[in-house]
Amino acid sequence: MKLNIGNRIKELRRSKDITQEEFAEYLGVSYQSVSRWENGVCYPDMELLPIMADFFGVTVDSLMGVDDAIEKEKVNRYLEEFQNAISKGDVSDCIEIARKGVAEYPNNYALLNKLMFALFVAGDDDGNIPDWKENREKYDDEIIRIGERIVKYCSDLDLRLEATARLAFQHCEMGRKRKGREIYETLPTMEQCREHNIWWALEDNEKLPFLREKIRNEYNNLRSSVWLLGESGCLSDEGSLAVMMKLYDLQNVILDNQSSLDTWGEARIPFVIAEIYMRLNDTDSAIAYLNKAAQAAKQFDERPEEQHQSSIILGDVTIKKTDFQTSDTRSLREIMRDTWLSDEEFDSVREDNEFRELLNQL
């Protein structure tokens with residue numbers, strides 16, 4: 001059995017933010033000894049293992065890397081519980097699950113990343129979290145600390161970049177836009193990313209699934225960007241309406257004229273279009289699109305555990321019900337009825353029979 005003790009010592013030492021010299025001084029050995037351990041040249045003496053394990057707050061087995069399989073299994077169980085909770089909007093449960101996992105595995109960056117995410121979502125003003133504003137202030141320092149730790153020490157590039165983006169977002173949300181901008185500027189450009197460059201190293205049997213996954217991600221990014229343009233307020237209402245309508249054209253091209261499996265988006269897009277029509281004083285068109293949104297909201301609330309779709313460009317796509325992440329425990333129909341439709345833009349039609357019927361359906 002190959003021991004991973006060298007890598008574990010390096011990982012744990014860095015998580016403590018101490019140098020090889022400082023760790024060596026604590027153990028009463030030379031820093032060259034610590035360096036040789038971490039580089040896999042040799043192993044530390046057996047009598048030092050309990051001292052190191054105690055210093056790092058882990059078991060000797062964990063220090064030696066012999067219980068990696070057990071840790072992986074338990075971490076995956078925590079991550080599955082977390083995903084089930086976040087798909088239902090149970091943010092308090094998410095925080096509890098993540099904290100429990102981090103308490104057991106304090107140096108597992110996947111769990112730390114989930115804890116950072118849960119604390120961030122706890123301050124989401126779009127959900128139905130009554131104390132979201134207090135949570136933003138309460139968890140701010142902890143989110144920053146966890147994010148900076150992941151960015152500095154995590155060896156998993158994807159986790160590190162995800163934490164970097166969320167760290168920047170947190171600074172922006174808390175009014176520190178200059179700091180957030182500085183962090184965002186450290187992220188790689190699209191031209192430098194793995195997906196943009198790895199094509200030339202792929203084997204023939206890897207190319208088709210790679211291309212479809214790449215197109216799927218780029219379609220989702222393009223869709224989000226077009227959506228953002230339509231809702232940004234940077235265009236006139238006429239321009240915004242034209243942009244939002246383009247989302248349907250884009251969807252028809254990519255999905256072979258099928259409806260999107262993203263039924264939440266299928267509800268939100270026509271709702272935004274309805275808002276624009278209200279600003280343009282076209283109430284008939286607004287009501288028509290509100291009905292489309294209501295139907296899509298119903299489909300979202302009643303969606304199966306798994307949905308499947310196939311198109312020539314994306315291939316076979318499966319979306320699980322638990323893939324959805326939200327900070328709201330309400331059904332989408334309740335959210336549409338109680339939150340979206342409470343916007344003052346709909347005040348002029350609240351007494352209309354069609355609008356009242358719509359509310360009854362929701």
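Reader: How many salt bridges does the count come to by the rule?

Author: The count comes to 27 salt bridges, where a salt bridge is a side-chain nitrogen of Lys or Arg within 4 Å of a carboxyl oxygen of Asp or Glu. This is a predicted model, in which local features need pLDDT of at least 70 and side-chain atom pairs count only at pLDDT 80 or more, while totals for chains, interfaces and linings use all residues. Residues are numbered from 1 along each chain as its sequence is written, and side-chain values use heavy atoms, with hydrogens and water left out.

Reader: What makes the contact between R77 and E73 a salt bridge?

Author: The side chains of R77 and E73 meet at 3.2 Å, N to O, and because the limit is 4 Å, the pair qualifies. R77 and E73 are four residues apart in helix 6 (residues 68-86), and therefore about one helical turn separates them; a helix here is a DSSP run of H or I with at least four residues, numbered from the N terminus.

Reader: Why is R166 called buried?

Author: R166 has a relative accessibility of 12%, and buried means under 20% relative accessible area, exposed over 50%, and partly exposed in between, with a 1.4 Å probe and protein chains only; R166 therefore counts as buried. R166 forms a salt bridge with E162, with the closest N and O atoms 3.0 Å apart, and E162, at 34% relative accessibility, counts as partly exposed. Both R166 and E162 lie in helix 10 (residues 157-173), four residues apart.

Reader: How do you know that K214 counts as buried?

Author: The relative accessibility of K214 is 19%, so K214 counts as buried. Its salt-bridge partner is E218, the closest N and O atoms being 2.8 Å apart, and E218 is partly exposed, with a relative accessible area of 40%. K214 and E218 both belong to helix 13 (residues 204-231), where they stand four residues apart, about one turn of the helix.

Reader: Why is S30 called partly exposed?

Author: S30 has a relative accessible area of 31%, and it is therefore called partly exposed. S30 is found in the loop between helix 2 (20-27) and helix 3 (31-38). From C-alpha to C-alpha, S30 and Q20 are 8.9 Å apart in space, and they are ten residues apart in sequence.

Reader: Which residues are linked in a network of salt bridges?

Author: K298, D301, E302 and R333 are linked in such a network of salt bridges.

Technical notes. Helix = DSSP H or I, 4+ residues; strand = E, 2+ residues; numbered from the N terminus.
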